[in-house]
Amino acid sequence: MSDLLQCIDLTKTYGQITALNNLNFTLGSGKIIGLLGPNGSGKTTLIKIINGLLTPTSGKVLIEGKEPGVETKKIVAYLPDRNFLGKSPTVDKLVKLFVDFYEDFRPELAYEMIDKLQIPRNSQLKTLSKGNKEKVCLILVMSRNAKLYVLDEPIAGVDPATRDYIISTIINNYNPDSSVIISTHLISDIEPVLNDVVFIKNGNVVLHNTVDEIREEHGMSVDELFREVFKW
Amino acid sequence: MSWKLDKNRPIAVQIGEILCARIAAGEYPPLSKLPSVRTIAVEAGVNPNTVQKAIEVLVEKGVIDSVLGSGSYVKEDISPAKEMLRERISDKTRTYLEDMKMLGMNEKETYEYIGRLIK
């Protein structure tokens with residue numbers, strides 16, 4: 001069986017600027033991976049290519065052997081780093097929209113989480129606080145039964161208690177057939193749930209290892225290692 | 001004992017230690033069933049694979065039995081669980097003795113102090 005995600009010699013340039021520079025990595029199933037790197041290192045560019053929103057300048061991305069397109073979107077659940085759902089629809093409408101859009105969407109799961117976090121179903125997205133908006137977006141994405149979840153900064157705007165809830169949601173939703181890629185700066189919050197971390201610097205993978213090996217080899221947390229590797 | 005994890009040590013090792021400590025303390029009695037991997041993962045806030053790894057090590061060391069499709073069970077003899085904690089216990093004790101030395105206590109004073117505390 002082919003790997004869930006393969007990046008082969010992936011390069012993306014914006015004019016003079018190289019965002020991804022011949023990047024290679026592969027990812028199997030059943031993992032939770034942290035995609036970590038300083039601002040401007042190429043994380044979001046990589047994520048956008050995986051989701052077919054950008055095309056590579058050269059090299060390619062394969063998801064279960066296929067290049068990003070209609071077929072891969074059926075198995076990839078993507079949480080962008082900004083609000084992607086407009087302002088006026090209500091939470092309830094959005095759930096119905098997702099039911100129409102994605103065959104793998106599980107509305108009962110979405111409602112369960114929405115109710116648990118006490119977000120009124122009939123409220124319009126624009127009336128919700130920044131954190132609650134983010135929660136709704138994340139709930140919708142996590143309620144899909146996808147093969148690959150790609151979460152770009154999922155916990156940045158929410159309070160620590162909700163962060164814990166989101167993390168337990170990710171763990172609860174874990175299954176050996178799917179993988180989750182999480183891009184974040186809040187490393188210490190997220191590192192206990194990660195299998196692997198990928199450090200990106202200047203559009204290149206500088207480290208790809210399991211969290212426990214990092215702790216064993218370096219005797220420090222991923223958060224501390226990050227601060228060391230990316231020290232100015 | 002809660003799932004307090006030290007950020008600088010491998011998580012799987014720590015999960016294994018906590019499970020052994022709970023077995024040694026009788027919280028999970030001999031022949032009882034351990035919570036599921038997922039339950040432990042959610043409670044401890046860690047990756048299920050990491051818990052699985054810890055469980056596999058405990059099976060290998062003879063602390064628990066893994067029954068396919070059912071779960072993990074504490075062995076009747078809990079000495080392997082205690083054995084697994086030995087190194088950690090001696091580390092902790094050594095650190096404690098060093099700390100006492102730094103506080104100006106000699107060995108005899110430390111020994112007497114512990115004696116008094118335990119009573």
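Trainee: Why is A:Phe199 called buried?
Mentor: Relative accessible area under 20% counts as buried, over 50% as exposed and in between as partly exposed, with a 1.4 Å probe and protein chains only. A:Phe199 has 0% relative accessibility, so the residue is buried.

Trainee: What do the values rest on?
Mentor: The model is predicted, so local features need pLDDT of at least 70 and side-chain atom pairs count only at pLDDT 80 or more, while totals for chains, interfaces and linings use all residues. Residues are numbered from 1 along each chain as its sequence is written, chains are lettered from A and ligands numbered from 1 in the order in which they are written, and side-chain values use heavy atoms, without hydrogens and water.

Trainee: How many aromatic pairs are there over all chains?
Mentor: The count is 6. One of them is A:Phe98 with A:Tyr102, at 5.4 Å centre to centre and 50° between the planes.

Trainee: What makes that pair tilted?
Mentor: Rings of Phe, Tyr and Trp (its six-membered ring) pair if their centres lie within 6.5 Å; planes under 30 degrees apart are stacked, over 60 edge-to-face and the rest tilted. With 50° between the planes, the pair of A:Phe98 and A:Tyr102 is tilted. A:Phe98 is buried at 6%, and A:Tyr102 is partly exposed at 26%.

Trainee: Why is the pair of A:Phe199 and A:Phe226 called edge-to-face?
Mentor: The angle between their planes is 80°, and the centres are 5.6 Å apart. A:Phe199 lies in strand β8 (residues 196–201) and A:Phe226 in helix α9 (residues 222–229) of chain A, 27 residues apart. Helices (H or I, at least four residues) and strands (E, at least two) are DSSP runs, numbered from the N terminus. A:Phe226, at 14% relative accessibility, is buried.

Trainee: How do you know that a charge sits over the ring of A:Tyr102?
Mentor: The rule asks for NZ of Lys or CZ of Arg within 6 Å of the ring centre and within 35 degrees of the ring normal. The charged end of A:Arg144 is 3.8 Å from the centre of the A:Tyr102 ring and counts as sitting over it. In chain B, B:Arg22 lies over the face of B:Trp3, at 4.2 Å from the ring centre.

Trainee: What makes A:Asp196 and A:Lys31 a salt bridge?
Mentor: A salt bridge needs a side-chain nitrogen of Lys or Arg within 4 Å of a carboxyl oxygen of Asp or Glu. The closest N and O atoms of A:Asp196 and A:Lys31 are 3.8 Å apart, and the pair qualifies. A:Asp196 is in strand β8 and A:Lys31 in the loop between β2 (17–27) and β3 (32–36) of chain A, so the bridge ties together parts 165 residues apart in sequence. A:Asp196 is buried at 8%, whereas A:Lys31 is partly exposed at 29%.

Trainee: Where do A:Lys96 and A:Asp92 lie?
Mentor: Both are in helix α3 (residues 91–101) of chain A, 4 residues apart, about one turn of the helix.

Trainee: Is A:Arg227 buried or exposed?
Mentor: A:Arg227 has 57% relative accessibility, so the residue is exposed. Its salt-bridge partner A:Asp223, at 3.0 Å from N to O, has 14% and is buried.
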